[in-house]
Amino acid sequence: MIHRIFFSLFLVISLSIQAQDLSTSIAKDADSIMLAAIRNVPQNNPQLALKKYSFTTYEKTIITDSLEKSNSHSFFTEKVSRNRYSSYSGFKEEVLGLEMAGFKEPRYEVLAVTLQSRSFYDDDFVIFNYRYAGPLSSRGVKNYYYTFLGDTTILGRPSLALHLEPKRPQTIPGLEGIIWLDAETLAIQKVHIDLKDNLIATIEREYEYLQEKQLYLPKTNKLYIEKGNSSHRLALFKGKVSMGTIETNPVKEAIKGRHLLSTSLNSNYDFESDEQIKHPNLAIEILPGAETQPETFWGKYRTESLSRKDINSFSFLDDVVKAENIEKRLAIISNFGIGYYTVDFFDFDLTYPVKYNNYEGLRLGLGGVTNSEFSRKFRLEGYTAFGFKDKKLKYGLGGGVLLNESHGAWLSLTYNDDLQEVGSYNYLTDRRVYSLFEPRLVNITQFFDYRTIRVNQEYQITPKILSELQLSNVHIEQTTPYRYLLNGKTYRDYTVSEATLGLRWSPSSKFMRSKKGTAEIYDGFPKVTAQVTKGFSGIFNSDFDYTKIGAKVFYRVNRLNKSATEILVEGNAGFGDLPLSHLFHAYPNAPTKETVMQRFSVAGINSFETMYFGEFFSDRLATVQVKHRLRPFNLGEKFKPEMVFITRYAIGDIRKPADHLDVSFNSLKKGYTESGFELNKLLFGFGTSLTYRYGAYHLPDFADNIAFKFTFYLEL
């Protein structure tokens, strides 16, 4: 009896061990298959295996409230594109036909939404602009469990089916589903993917096999997205047409739905054409006539005739768009996102109405620029503002003429009578980097008055390179005690004549061109900005001769776990006759007050929070700023604060500090360091920050090294 018990126990243990060994063997097989497939990516991924190819895609996308019951869709569009690839310039999409129900002219921003990536071989796979780890990448191996399901046959060739699921779905959401691989080459043959994140999605992708190229190429793509229970918004038109409820969406009652369906068919693959890709720096180009293609054109590409529901959508959406005045409302809000509010032919600049600083006190203003409703070739601009503390009126006016629409070439003439911060260095190409609220402006105390007349030439050399040339004559008057000593003569007020050339390069950004111009559709990094300014003495009563150069690089790493790291490196140098107004500072943001709480104010975006105003000036300056954002704390649907760790460093020097009279300041030759943190988005965009100053410029009184402030971040 005892022997039988021991034998039974031994048998159970043996079978258990064998089952575990079998399970481990299968797991190892799945991992080894996937690792081998990743090694074979260079020969299986068409973008790596081929130097060039092209194909045509027909795509239909709808948003609907009900998949069965309703008589029409809430949104309907169809598109025909020629996709062209070269190993040198990458992919470019040329839109041959575009139709969007309800709109006189298609809303091109819809094309900026990446519904799904072209390739499952990419490091990142994108669904509705959300990034996930690509299954056949080193990143995928780190983020997915793979399970071997068995053998089958796809397209007449032996196939291996593998299941994938995310390792840490709560921390790093990922794809889940089945990928079929060619048993011989380990190339992707078919994909069925599900996603359960802020959105619920299903992707089915079929491939065709080209024997002569020994490659699998995508043939049909089906994407289904459902809003699910989350209130997280899924948005076309930059959030203006969406699925689900959006509290701040002005068109939510007119166009909404719970489901998005997109189907596409790739055809007409061409590997031999020697036709060069025109405008290769564009990711998308809407070709002339794409919006007016006849029905015969669409008949060539549609996979099937439009359904009654599709057809009904045109008349339904025509009525909705007209009744709700949606086109005008979308235009207004699109401009709001870049800092303007449109009223008929005039765009009011939202950076003018209300400001505050220590010199002017409350500053109220009004200004803007005419838009294309006024003229596509000419523009007029102007503003006026009044400071209630200094009791002075500031204003500017000007106009411009469009010389070349495709390159955004505007020639402008403007006159301004206003204030500028002492030691600031403004890059011309960053002028329209929009911020409704300028945090650091509140604390600034050192300004100078200026009157300037200037001529500007804007020119987009390529979509990725923006340039601007400025010629200006500026008369400067001090608002605080200051004199500049040069060759035995002192200057309090002076005139400078300058020529400035600025460049901004966005090598990783993607751009789209339509008849409405060129627009950035993907914000890539790094971003490189450079500028050189030459001051000429003796021209139009100019007093000084000098050269100033500046350059900065901004890089951001966005991780799949929703953390991010930002690095900003900037260098400035000046040579020649440089009064205080033309020196550099590191953007200090600490009011000169005694206690920590007296210095409590609003933190800037890229400013040194513990550095006091007027404490340092340099004619050579380098700064480095690093920010690391942790994954947002998930404390509820509406409460997701963010912790950001920050370190800043500045080093600089000045050649002739004794030439600057009636002021005192230090150099930065020993190197300045501060570190701290921000806890953002605690309530209505407000948060708090704490920063500590240490190193060579650490102050004797401990409290003087601390900056405690509130933060404010506005997201549109």
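Lys-309, Asp-310, Ser-313, Leu-317, Val-320 and Val-321 are. I am reading a predicted model, where local features need pLDDT of at least 70, side-chain atom pairs count only at pLDDT 80 or more, and totals for chains, interfaces and linings use all residues. Residues are numbered from 1 along each chain as its sequence is written, and side-chain values use heavy atoms, with hydrogens and water left out.

I checked the length of H6 next. Helices (H or I, at least four residues) and strands (E, at least two) are DSSP runs, numbered from the N terminus. H6 covers residues 308–323 and spans 23 Å from first C-alpha to last, close to the expected 22 Å (1.5 Å times one less than its number of residues). After H6 comes Asn-325, with a positive phi near 55 degrees.

Then I turned to the strands. Two strands pair if DSSP finds at least two bridges between them. E21 (392–404) and E22 (409–421) pair antiparallel over nine bridges. Gly-400 has Ser-412 in E22 as its bridge partner. Four residues separate E21 and E22 in a hairpin, and Gly-408 in the turn has a positive phi of about 55 degrees. E22 also pairs antiparallel with E23 (447–462), over twelve bridges. There, Asp-418 stands opposite Tyr-450.

Last, I looked at nonpolar cores (buried Ala, Val, Leu, Ile, Met, Phe, Trp, Tyr and Cys residues joined through side-chain atoms within 4.5 Å). The largest has 51 residues; Phe-120, Ile-127, Leu-175 and Ile-188 touch the most other members. Helix H1 gives its largest share, six residues.

Definitions and conventions
Buried means under 20% relative accessible area, exposed over 50%, partly exposed in between (1.4 Å probe, protein chains only).
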